[in-house]
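Have the 3D view open as you read.

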Amino acid sequence: MIKNKLDLDNISTKQMIGLMALAYAFSFLVRMIWVWHFKDTSAFYWNNQLMINTNDGYFFASGVQQAIEGLHSSNPRVFGLFDYGVIFFTTLLIKFTPMSLETAVLYMPSIISSLVVIPIILIARLYNKTLWGFFAALLGSITWSYYNRTMTGYYDTDMFSAMAPMFILYFLIKNTMDLKIRTALYASLCIIIYPFLYDQGQAIVYAMGVLYSFYMIIFHRHDKETYISLILIFLALIPLGFLGIVKPYNYFVSIILVIIAYLFLINRSKILELKQLMIISGVVFAIFLIFGDIFGLIISKVMSYTIKGTEDGVLHFYAVNQTVREAGQIPFETFANRTSGSIWGVILALIGYIVLVIKHRAFILALPLIGIGVFSLWGGLRFTVYAVPIAAMSVVYLFWFISERFINDKKVQIVFVAIATVGMIYPNITHIIGYKVPTVLNKSEVQDLVKLDKIASDKDYTLTWWDYGYPIWFYSDTSTLIDGGKHNNDNFIISTILFSNSPQQVANLSRLAVETYVDSNYSVVANLLFRDKNPNHLLKDLKKPDFKLPKKTRDIYLYMPYKMMRIFPTVGVFGNLNLKTGHKKRNIVFYSTHIAKQNGSQVMFANGIIFDMARGILKMGKQMQKVYKFDVVAFQPNGKSIKQSELKHIDGNYAVVFLKSYGIFVIMDRKTYESAYVQMFMLDNYDKNLFELVVSSPYSKIFKVKK
């Protein structure tokens with residue numbers, strides 16, 4: 001009985017495992033709050049399961065579909081079983097458990113991300129403070145940013161983003177303490193596997209490896225084990241692409257290489273002199289620096305998240321990063337909330353980290369994780385997640401440090417730390433309860449894509465904005481020109497199609513773009529079409545009925561969802577450019593609003609614009625603008641629409657469309673009113689010689705291109 005009691009100074013391995021299980025259960029159950037929120041929302045269910053809540057999740061889910069069901073054989077953008085760890089482990093979960101695909105992708109983030117509690121507790125145990133790790137695990141596993149990117153339904157590689165580096169950190173710190181070569185081997189294997197789990201974090205692992213090498217040379221330079229460990233770590237860090245070894249074989253080759261090196265060095269460690277080991281480690285480090293392109297990688301990562309404006313070159317295409325919210329600058333308050341739950345929380349965490357490094361210098365190895373978190377102030381929201389576990393450990397350590405200085409009773413110390421930790425957890429739980437992010441699509445939207453799946457073949461293409469690319473793969477088994485990971489210069493093509501006022505140009509450009517893309521082995525189409533031609537001349541020629549098109553090899557569909565209305569002005573930015581100069585062609589006006597109040601024929605909208613329906617005049621601030629047309633559209637459940645159109649002023653520069661079914665008004669300039677999206681989706685106007693409406697509902701319309 002006595003052995004089973006919790007000795008605060010000497011927690012057994014069995015008790016530690018129990019604490020890990022308890023922390024894991026807490027993390028998982030907190031992530032069930034989202035499920036509880038929407039358990040009765042039938043619109044969020046498909047195949048008797050809640051759908052996921054991140055667009056990118058459908059990229060990996062499509063890979064799982066390919067591995068399990070053999071779908072997407074003609075889609076060049078769907079990756080396989082060994083390309084991404086999330087695809088690999090999800091496939092295993094489905095094959096060896098009763099879980100369906102929909103259930104596995106829904107709960108995989110919660111299952112994997114909650115494992116972060118293990119390295120947090122293990123690191124604390126290195127310092128004989130297992131309870132410190134336990135309380136830090138409770139906080140770190142559900143803190144704002146980490147929760148947002150690993151919640152139930154957030155099916156993405158982010159589930160590994162902070163969890164996997166914490167295992168690397170554990171073995172690196174442990175190695176600084178025990179100097180065992182086996183520990184360095186474990187760290188090396190974790191480093192090799194990390195890109196398979198989360199390929200975007202390679203720069204962080206590089207930084208941790210380099211910092212580890214400096215630390216070991218400064219504090220343990222006279223130990224043979226130091227240089228043997230460094231050889232293993234540097235071998236693990238070297239990318240094997242320079243040898244022509246590509247994924248997934250590079251992971252296996254690296255693992256074999258490191259294990260062979262480990263066995264060789266273990267057997268020869270007594271024969272090799274310290275100086276020889278220093279030279280070998282130096283050579284391996286040089287190879288890593290040269291072929292790892294460490295500085296180039298870090299600089300390119302920084303530049304990719306701070307680039308602004310148009311991309312310079314022979315032609316000027318709009319840079320996509322500045323339109324992505326998570327890649328923009330964030331205020332300190334946002335950084336603080338996402339890292340620790342509050343401003344005071346992050347300040348205490350920063351103080352705690354300083355104290356932690358002073359008391360336990362090996363924690364300097366966590367500096368890259370803290371640094372990338374701070375970089376989020378410039379780089380965007382996504383980077384805060386890396387700092388969360390270290391911030392949690394730091395702030396709880398500060399509580400522990402204070403309790404040991406001012407409280408003599410051990411049990412009272414634990415109570416103090418527990419209460420303080422609850423105080424840190426509270427704002428994060430409050431955030432989680434209020435964070436009711438919806439699923440990417442609702443049931444009706446999925447039904448539209450499934451209808452397309454029944455019509456189209458897997459070699460066909462569906463053209464739409466990149467936000468909807470991955471869900472289209474998953475539900476309709478067709479390919480796309482742009483998607484969530486391939487939103488490059490081809491954004492110009494899709495933007496041009498959606499904003500074109502020429503049905504002929506829409507049809508011709510759709511056919512030309514897809515056939516060129518396939519024929520060129522999936523190159524960037526915009527570069528091929530416009531690089532050696534005058535873009536303005538080609539776009540003008542595409543409006544001609546007799547434009548010579550490539551041979552038709554597959555069907556092409558245009559997907560126009562209602563949801564695109566929210567981002568339609570942003571969509572227009574990419575095509576509203578003179579590619580020769582980089583200057584925008586015109587000012588796009590597109591306001592979606594609703595009635596705030598009405599006085600007779602005068603309507604005041606929520607955005608402050610006043611519309612005199614009788615006179616056909618818009619009052620926009622101090623300006624009075626004539627309305628060209630005022631349309632009233634009502635969508636029917638069967639997808640058909642009833643439209644009333646009234647010409648107000650033939651010389652008007654604006655148009656107003658009242659979408660009665662949604663209760664919203666859309667105010668736009670005349671050229672935007674004439675665009676393909678407005679005419680075909682909102683007003684049901686399309687050239688039946690060029691397009692066939694194959695799917696229609698209040699949520700989306702899908703047209704087949706006949707040319």
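This is a predicted model: local features need pLDDT of at least 70, side-chain atom pairs count only at pLDDT 80 or more; totals for chains, interfaces and linings use all residues.

What is the phi of Asn-521? It is positive, about 65°, although Asn-521 is not a glycine. Most residues other than glycine have a negative phi. Asn-48 also has a positive phi, near 65°, and isn't a glycine either. You'll find Asn-48 in the loop between β1 (45-46) and β2 (49-50).

Is Asn-48 buried or exposed? Asn-48 counts as exposed because its relative accessibility is 76%, and exposed means over 50%. Asn-521 is exposed too, with a relative accessible area of 59%.

Now for a buried residue. Thr-384 belongs to helix α20 (residues 384-406), and its relative accessible area is 0%, so it is buried. Its side chain makes a polar contact with the side chain of Ser-145, at 2.7 Å.

Back to the surface: Lys-540, Lys-543, Lys-585 and Lys-671 gather there in a patch of positive charge. One of them, Lys-671, lies in helix α29 (residues 670-673) and is exposed at 51% relative accessibility.

Here are the accessibilities side by side:

| Residue | Relative accessibility |
|---|---|
| Asn-48 | 76%, exposed |
| Asn-521 | 59%, exposed |
| Lys-671 | 51%, exposed |
| Thr-384 | 0%, buried |

Notes: Residues are numbered from 1 along each chain as its sequence is written. Side-chain values use heavy atoms; hydrogens and water are left out. Patches are made of residues with over 30% relative accessible area and no salt bridge: like charges are joined within 9 Å, nonpolar side chains (Val, Leu, Ile, Met, Phe, Trp, Tyr) within 5 Å. Accessible areas come from the Shrake-Rupley method with a 1.4 Å probe; for residues, only the protein chains shown count as cover. A salt bridge is a side-chain nitrogen of Lys or Arg within 4 Å of a carboxyl oxygen of Asp or Glu. Lys and Arg count as positive and Asp and Glu as negative; His and the chain ends are not counted. The place of a charge is taken as NZ of Lys, CZ of Arg, CG of Asp or CD of Glu. Helices (H or I, at least four residues) and strands (E, at least two) are DSSP runs, numbered from the N terminus. Buried means under 20% relative accessible area, exposed over 50%, partly exposed in between (1.4 Å probe, protein chains only). A polar contact is a pair of N or O atoms within 3.5 Å; within protein, one must be able to donate a hydrogen and the other to accept it, and residues adjacent in sequence count only if both atoms are side-chain atoms.
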